[in-house]
Amino acid sequence: MAALRTSTSRLVSSSLPTLRSSIATRSYATVEATPIKKLGEAMSATQPPVSEKHTPTVEEPSKSENAKTKTFHVYRWSPERPTEKPQMQSYTLDLNKTGPMVLDALIRIKNEVDPTLTFRRSCREGICGSCAMNIDGVNTLACLCRIPTDTKHESRVYPLPHTYVVKDLVPDLTQFYKQYKSIKPYLQRSTKAEDGREYRQSPSDRKKLDGLYECILCACCSTSCPSYWWNSEQYLGPAVLLQSYRWLADSRDEHKGERKAMLDNNMSLYRCHTILNCSRTCPKGLNPGKAIAEIKKAMATA
């Protein structure tokens, strides 16, 4: 799932030393019946984990008579045991004692059931993007994803797909953030404001940024994109391209030509094939697919 790929064109060639990280040199994940021998294989979410059928279930610590018990199957892998395959660990929780969101369940598992479970979280308000993971087959934020109240439905929680795994539900986003840095995500100007203070913008120009600046870089969209799965070393992906368009659409920015030139190659932008997984999965309701289309239109009419 982490296939990394061919080189093209001037920007990509010149920027590869900047974008390439150590994870790009790790071995690809493979499915083997024998124990994993390479650290890179274990650290990839590609390898199917050992089924929950072959691992013991950790029960609710303090069951009550009227317990509303639900089962969660959680992806587990530790770098401290690199030769062991990833596995799905099952936990049962009483929903009457658990908050409404999947993040509440994970926090309760860590606090009361299994302190070794590892995941990222911070704001619990859908703002920081830290708790992005794959829940029941959908990339989303654990703090915004409600627990299905049907106790017969067993929830499955995985790290973001097609990423190397640091531990359990923690993906390695080093490459993702290097790509974000490469687009220079800040205002670039050659002239100063007329009054020497702030750079003003009309209400209509400001409105063009709606649906762009709200991106929290959770990587849900990029890790749902097949084009990004296979070309993540050179294709920037939906999240970074949406951020790139945010600055192309900003009337205050004066380096639009340079920004377009950075995207003028076969891989950075044009690996998007409008599959639109990105727009369907965005937990903030944004539309990266539309932003990418607007960049292509701007490139064609420049």
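Modeller: The model is predicted. The protein chain has 10 helices and 8 strands. Buried residues account for 50% of its 302 residues. Among contacts with a separation of 6 or more, 70% join residues 24 or more positions apart.

Now the core. In soluble globular proteins, nonpolar side chains tend to be buried together. Here the largest nonpolar core holds 63 residues. Within this core, L106 and M133 touch the most other members. Several elements give two or more residues to the core: strands 2 (69-76), 3 (87-94) and 4 (132-135), together with helices 3 (102-113), 7 (237-248) and 10 (288-301). Helix 3 gives the most, with 7 residues.

Take M133 on its own. Leaving aside neighbours within four places in sequence, M133 contacts L106, F119, V138, N139, T140, A142, V157, Y158, L160 and L169.

Helix 7 leads on to the helix pair. Two packed helices are described by the angle between their axes and the distance between the axes. The axes of helix 7 and helix 8 (residues 256-263) come within 10 Å and cross at roughly 155°. Helix 7 is therefore roughly antiparallel to helix 8. Their crossing is left-handed. On the helix 7 side, L241, S244, W247 and L248 make the contact. Helix 8 answers with K256, R259, K260 and L263.

Conventions
Residues are numbered from 1 along each chain as its sequence is written. This is a predicted model: local features need pLDDT of at least 70, side-chain atom pairs count only at pLDDT 80 or more; totals for chains, interfaces and linings use all residues. Side-chain values use heavy atoms; hydrogens and water are left out. Helices (H or I, at least four residues) and strands (E, at least two) are DSSP runs, numbered from the N terminus. Buried means under 20% relative accessible area, exposed over 50%, partly exposed in between (1.4 Å probe, protein chains only). Contact means heavy atoms within 4.5 Å. A nonpolar core is a set of buried Ala, Val, Leu, Ile, Met, Phe, Trp, Tyr and Cys residues joined through side-chain atoms within 4.5 Å. Axes are lines fitted to C-alpha atoms, for helices over the stretch in contact, and angles run from 0 to 180 degrees between N-to-C directions. Angles under 35 degrees count as roughly parallel, over 145 as roughly antiparallel, 65 to 115 as roughly perpendicular and the rest as oblique. A crossing is left-handed if the near helix is turned anticlockwise from the far one by less than a right angle, and right-handed if clockwise.
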